[in-house]
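The sequence and structure come first.

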Amino acid sequence: MSVAIPELLAPAGDWETLKVAVAAGADAVYLGGKSFSARQYAPNFGQEELARAADYLHLRGRKLYVTVNTLIKQEELDELLSFIAFLYQIGTDAVIVQDLGVLSLIRENWPSFPVHASTQMTVHDSAGARFLQNLGVARVILARELSFEEIKAIKQNCQVELEVFVHGALCVAYSGACLFSSLIGGRSGNRGRCAQPCRLTYTLLQDGVELSTTATSGQHLLSPKDLCLLPFLPRLSEAGVCSLKIEGRMKGPAYVGTVVKNYRAALDRMAGDPERFATDPGALQELESVFNRGLSPGYFNGDLGPDLMSPVRPSNRGRFVGRVKEYDGKRRRVLVGLEEEIQEGDGLEIWVKVGGRVGTIVEDLKVGGERVHVAPAGTEAWFALPDQVKPGDRVFLTSSHRLQEEIELMKRNDYPAAQQPCTLKVQVVPGRPLTLALSALGKTVTVASAVPAAEAEKHPLTEETLKNHLTRMGETPFRATGFCAVIEGRPMLPFSQLNQVRREAVALLEREILADCHRQPLPLKVAPSIGAPVSSEQHRRGPSFLTVYAGTLEILKQALAKEAVQKVIVGGESLVPGFTWNEQNLTEAVRLARGKGVRAVIALPRITRERERRRIEDYLRFCCKLAPDGFLVSHLGNLQMVREFTDLPVYANHTLPVFNTYAVALLQAANLKGVTLSPELARKEILALLKRKELADPEVELLVFGALELMISQFCPVGTWVGKQPPRICPRPCRHNRFALRDRKGYVFPVLTDEFCRMHLLNSRYLSLYRELEGLKDFRLSLRLELRHQPPAVAGRVIDLFQEGLMKGVDQQGETVLEAAVGQGLTRGHFYRGVE
């Protein structure tokens with residue numbers, strides 16, 4: 001039985017790592033430029049390096065994917081277009097994008113340029129994959145939260161290629177659905193600058209009180225283990241995955257080389273005998289010898305709960321190799337009982353009971369009094385250690401000297417596995433020039449010597465001599481795997497001529513291969529300076545109004561009693577224990593809104609995984625019977641499903657981020673009636689967008705009040721650290737108590753859970769643009785108050801204040817009253833500071 005072998009896709013943050021990825025067996029490499037990349041803290045590649053990387057990979061039969069996977073501001077569009085044009089011309093095999101506006105521009109100006117949808121697009125269902133497929137996207141990189149069954153079902157319901165992360169760091173939040181770093185530190189993950197606050201320490205609070213268990217106090221409660229799907233390669237192939245992606249553009253050559261090498265070997269074994277495939281225990285040991293926080297299958301086999309997390313260690317833990325038996329303080333040496341071998345030059349870390357960890361490089365290694373280079377498993381070994389440790393302390397291997405030596409070999413330009421196989425055929429006869437035909441990657445070039453061969457008097461050319469000189473590929477992209485010589489008579493040529501023919505053939509073959517990769521520039525179909533500021537003419541004029549996203553019927557009743565509220569949003573997931581948006585409540589909500597002449601928009605849940613598809617389809621069917629004034633969609637799958645069910649108006653939530661007019665245009669082409677501007681846009685960026693004609697017609701919504709969602713996660717800290725169970729058997733403590741996370745600075749972040757057992761982490765302060773109402777009231781904006789979990793009386797007071805501010809003017813004491821009403825501090829978020 002044969003199986004489809006997926007592409008092995010490796011990361012590269014610098015040139016050495018790229019070379020090692022190729023040498024280790026990657027089929028393709030993904031990397032970023034100096035701009036527009038979601039890993040802005042990696043070294044990344046300048047334009048000269050990008051062109052060099054494209055040629056390096058293509059000459060070796062590998063592919064290059066370049067990340068353009070950040071949200072792009074309007075003023076950056078001209079630079080972006082120049083960058084995409086450059087990537088197109090150097091032969092980039094695909095660009096990886098997040099921004100819908102970027103997708104729109106590429107499809108319009110470079111229609112044949114393959115586009116891969118980044119995991120930052122948060123695609124987690126077949127409907128989202130179909131939406132992108134219909135836009136000409138070649139490949140979708142799925143959310144990491146999906147199980148085997150879901151991936152397989154997605155593939156069965158779309159034709160687009162699917163790429164899946166198989167190894168490396170896991171984000172605790174759905175990628176593309178996290179504003180944690182952005183809102184608390186100003187470093188946006190959507191702009192490639194995530195500071196990873198999720199890896200810091202937090203304390204879990206229950207009803208405002210610190211839980212007494214050590215598992216929930218001052219631990220890394222949001223830090224997952226690293227993903228490892230090496231044992232599940234046959235299932236990934238069965239699911240229809242075409243590309244296996246390794247995370248790690250911030251990692252170095254040792255990490256990338258070791259991971260790629262082991263996945264390559266496993267894929268080759270699977271190709272050779274798929275029915276008897278088994279994971280090599282030595283491979284798992286090597287993967288634990290490079291950076292890891294502990295390895296897990298993530299969500300591939302279902303939601304894990306506690307087994308997903310690494311609360312004690314958010315950084316490299318290495319591989320357990322033994323325990324301390326004795327420490328000699330006088331000689332500063334330690335005796336370790338080994339469960340696995342170590343050798344001189346290895347990096348070890350000893351986890352001491354008090355004071356953290358002690359690291360060292362193994363030197364002066366002795367077993368049984370004898371100096372050794374390798375100490376086998378089952379022995380007791382002495383080595384130098386300056387810092388004191390105690391018996392019983394655990395010892396971990398954090399870097400392997402043997403693996404590092406392998407990586408150093410992989411960096412060589414003449415490393416065989418990094419070279420493309422080629423074949424040579426030479427013909428030589430006295431009186432004629434020698435001809436050499438060199439073939440690789442489906443190309444053949446023929447080169448003749450500058451002078452004819454002479455008749456040899458003593459030492460004619462032999463096949464061995466010709467092979468010795470002509471197959472010396474050295475540091476070229478090629479290695480000779482086949483050689484054929486046709487010799488007539490007793491020909492003779494100087495060795496310098498043989499070497500010259502070989503060099504000319506290699507150079508010509510390189511040009512022939514790259515000629516098919518490089519592309520001619522295409523004329524742009526968009527006007528120049530599309531990102532430049534426009535005149536002061538204001539296309540949007542008219543009074544703004546209030547929209548309330550109501551979390552319960554009681555909050556809805558408060559909203560409908562206010563004159564300035566012209567639209568209400570109901571439905572979606574419920575964040576209030578004991579309340580759900582079932583058929584009865586949705587029917588009543590629409591009836592109440594109609595009775596007041598207020599538009600009623602029904603929201604779909606923020607996340608709708610493939611396993612929840614039938615439930616969401618039933619929800620949509622029922623909602624369509626209510627004939628609401630529209631649907632609020634939060635991701636591309638939502639949008640596609642609504643379009644497949646109804647022609648009712650559709651509004652995009654801020655989670656379908658709008659940073660530029662081309663994103664608006666793409667959404668309008670999908671028949672959206674309105675968009676919600678991203679909360680990461682600053683005031684000046686918002687006003688600049690509102691001046692553009694592209695935003696003259698659609699309804700434009702702006703969040704002006706609410707506890708902004710920092711992240712949505714399939715991981716639930718309440719079920720994990722209080723219920724101590726995976727979601728399927730969790731006792732649901734969230735139904736009876738309120739929970740929050742407190743960080744090391746004392747800020748408290750409310751934790752809400754929904755009926756899908758997803759966690760919604762809210763900001764410690766409420767967003768409030770109350771003081772900005774005067775500057776927003778004449779732009780015909782829908783000003784949204786996000787009131788999904790507050791007590792009805794509090795919600796009513798908030799609506800009153802915003803209504804008075806909008807209709808009568810802002811009261812200087814208004815924000816003080818707001819703070820008192822909600823019991824939390826207020827922030828204007830990014831309204832003035834924006835994101836880099």
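## Cysteines

A search of the whole structure finds 0 disulfides, a disulfide being a pair of cysteine sulfur atoms within 2.5 Å. Cys178 is in no disulfide, and its nearest cysteine sulfur, that of Cys194, is 6.2 Å away. Cys757 has its closest cysteine sulfur in Cys730 at 6.3 Å, which is too far for a bond.

Cys178 counts as partly exposed because its relative accessibility is 25%, whereas Cys757, at 17%, counts as buried. Buried means under 20% relative accessible area, exposed over 50%, and partly exposed in between (1.4 Å probe, protein chains only).

## Basis of the model

This is a predicted model, in which local features need pLDDT of at least 70, side-chain atom pairs count only at pLDDT 80 or more, and totals for chains, interfaces and linings use all residues. Residues are numbered from 1 along each chain as its sequence is written, and side-chain values use heavy atoms, with hydrogens and water left out.

Helices (H or I, at least four residues) and strands (E, at least two) are DSSP runs, numbered from the N terminus; two strands pair if DSSP finds at least two bridges between them. Strands S23 (residues 420-428) and S24 (residues 433-440) run antiparallel and are joined by 5 bridges. Val426 has Leu436 in S24 as its bridge partner. The hairpin of S23 and S24 has 4 residues between the strands, and Gly431 in the turn has a positive phi of about 90°.

S24 also pairs with S25 (residues 443-452), in the antiparallel sense over 7 bridges. The hairpin of S24 and S25 has 2 residues between the strands, with Leu441 at a positive phi near 55°.
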